[in-house]
Amino acid sequence: MNAVLIQGGTVVNADREFQADVLCVDGQIAAVGTGLDAPAGASKLDASGQYVLPGGIDPHTHMQLPFMGTVTMDDFYSGTAAAMAGGTTTIIDFVIPNPQQPLMEAYQTWRGWAEKAASDYSFHVAITWWDESVKRDMGTLVQQEGVNSFKHFMAYKNAIMCDDETLVNSFKRCLELGAMPTVHAENGELVFLLQQEMKDLGVLGPEGHPLSRPPAVEGEAAQRAIAIANVLNVPIYVVHVSCEEAASAIARARTAGQRVYGEVLAGHLVVDDSVYRHPDFATAAAHVMSPPFREKTHQEALWRGLQSGSLHTTATDHCTFCAEQKAAGRFDFSKIPNGTGGVEERMQVLWDAGVNTGRFTRSEFVAITSANAAKLFNLYPRKGCVAVGADADLVLWDPVATRTLSVKTQHSKGDYNIFEGRTVTGAPSHTLSQGKLVFANGDLRAERGAGRYIKRPAFTGATGHGSHFESLARKARLATPTPVAR
Ligand code: URQ
Ligand code: ZN
Ligand code: ZN
């Protein structure tokens, strides 16, 4: 029996916080309460003065991603190890089939890559093309493999971009299956045209990246995806919302009663577009990711979206390329591999810029870093809360610890840190994954292959939390027209 008793801490869940000890036995939470006794042989952790949080969930990472002619620096071991050093104990990554590649083939490939993961993981599957076999494989993935979310890139023309026909077919299939459609919302046709215009003007450096992907390009795609979902009566989750235009499109739809959910990257909350005007190519290129970092004014819209509940989760889109890889675009910004890191820093940045500033309560912090993602992707209450029966994925959070975030101390294999030099107050002192201590006061003990693939049931029938799909189906039935007898 592997038992750990965490004593003297304040448990923080998304709904409340309270003084309690937490007993973990064989990878699950066995008891939560005051004055718990440790079973014989149990190890003890003193959490006095600290908060005991559910392990963070990052619903948007790309470990070991083949993209734009190269492969990310972090694989599933190094990426999940870095995540646990920052308090994140579950990632939801992406299977991204090449166009015309059978979904099941891509899925098996990614499952193989992820066997080295040190923490638990799950997969969204991207729909990058369409025919009857894709429709069939989506069913297999939902019914047999525990996939309940499908990603659609509206950007990346001539690569993995979805046209409206694919969006409509796939969203409809998602509704049939009880799966959440998600979108990368940028109009890829506009991006392609604006990239060409920038190059025709001789703008070839990284400063051309944001200029070719203005907020209006994201706002249009977000609005279009939301409108398609509305007509089809399916919920929709917009990933990496980066600008006011997309955030307000989501807020408007929600106010009108539509089931739309939004995700915000930690980077988009605190990094702005001045990085692209840095004179050093490598520094500017290191920040090339899509959607790009925006003018500061957009950050307030994102904070307000999270505070008001119109945006729901935080993520990182951890997708690290080194300077040599980024140099592929030295003379053409459109060839710079898109992606930045952050999987280790997310929770510390959000605590420092969110909780310490009074934007979020500690419970709201848990909601946006763990519980909401668990609920939206049907991992709750196995993940996302400190409760009996949940997985023993826990973080002992020291609210007075200070850290300076830097590439020099990060555990990612990337060679850049978009939060370089930022000093934060509040950091994980200990991380437990499946009840095992994997991080303790700077000592990372991530075990290659210890992570498990986590199945996520579809949102139909008894599973899920008050399935939004059933309520939508009821709404659709009520709205079903009756044919006129003639
Ligand atoms: O678009 C994404 O989410 C992937 C390809 C990572 N890269 C990025 O720039 N966000
Ligand atoms: Zn994306
Ligand atoms: Zn991504």
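Hi everyone, let me start at the metal: the four donor atoms around the zinc ion (ligand 3) subtend angles of 86 to 129°, which makes the arrangement tetrahedral. For reference, ideal angles for four tetrahedral donors are 109.5 degrees.

A word on the basis: this is a predicted model, where local features need pLDDT of at least 70 and side-chain atom pairs pLDDT 80 or more, while totals for chains, interfaces and linings use all residues. Residues are numbered from 1 along each chain as its sequence is written, chains are lettered from A and ligands numbered from 1 in written order, and side-chain values use heavy atoms, without hydrogens and water.

So which protein residues hold ligand 3? They are His-60 (NE2), His-62 (NE2) and Asp-317 (OD), lying 2.0 to 2.3 Å from the zinc ion. Donors here are N, O and S atoms within 2.8 Å of the metal (3.2 Å for Na, K and Ca); water is not among the atoms, so sites may look incomplete. Along the chain, the donors follow the spacing H-x1-H-x254-D. There is another zinc ion, ligand 2, and the two are 3.6 Å apart.

Buried means under 20% relative accessible area (1.4 Å probe, protein chains only).

Now to ligand 1, which is surrounded by 13 residues, with Tyr-156, His-184, Ser-290, Asp-317 and Asn-338 the closest; the criterion is a heavy atom within 4 Å. An N or O atom in the side chain of His-60 is 3.5 Å from an oxygen atom of ligand 1. For His-184, a polar side-chain atom lies 3.1 Å from a ligand 1 oxygen. With Asn-338, a polar backbone atom is 3.1 Å from a nitrogen of ligand 1.

His-184 takes us to strand E12, residues 180–184; strands are DSSP runs of at least two residues, helices of at least four, numbered from the N terminus. Five of the five E12 residues are buried, so the strand is largely enclosed by the rest of the structure. Met-180, Thr-182 and His-184 point one way, Pro-181 and Val-183 the other.

Which strands does E12 pair with? Strand E11 (residues 149–153) runs parallel to E12, joined by five bridges, and strand E13 (residues 236–238) pairs with E12 in the parallel sense over two; pairing takes at least two DSSP bridges. Phe-150 has Pro-181 as bridge partner, and Thr-182 has Tyr-237. Thanks, everyone!

Conventions:
Tetrahedral: all angles 85-135°; square planar, octahedral: opposite > 155°, others 65-115°. Buried < 20%, exposed > 50% of the residue type's maximum accessible area, 1.4 Å probe, protein only. Polar contact = N/O pair within 3.5 Å; in protein donor to acceptor, adjacent residues only side chain to side chain.
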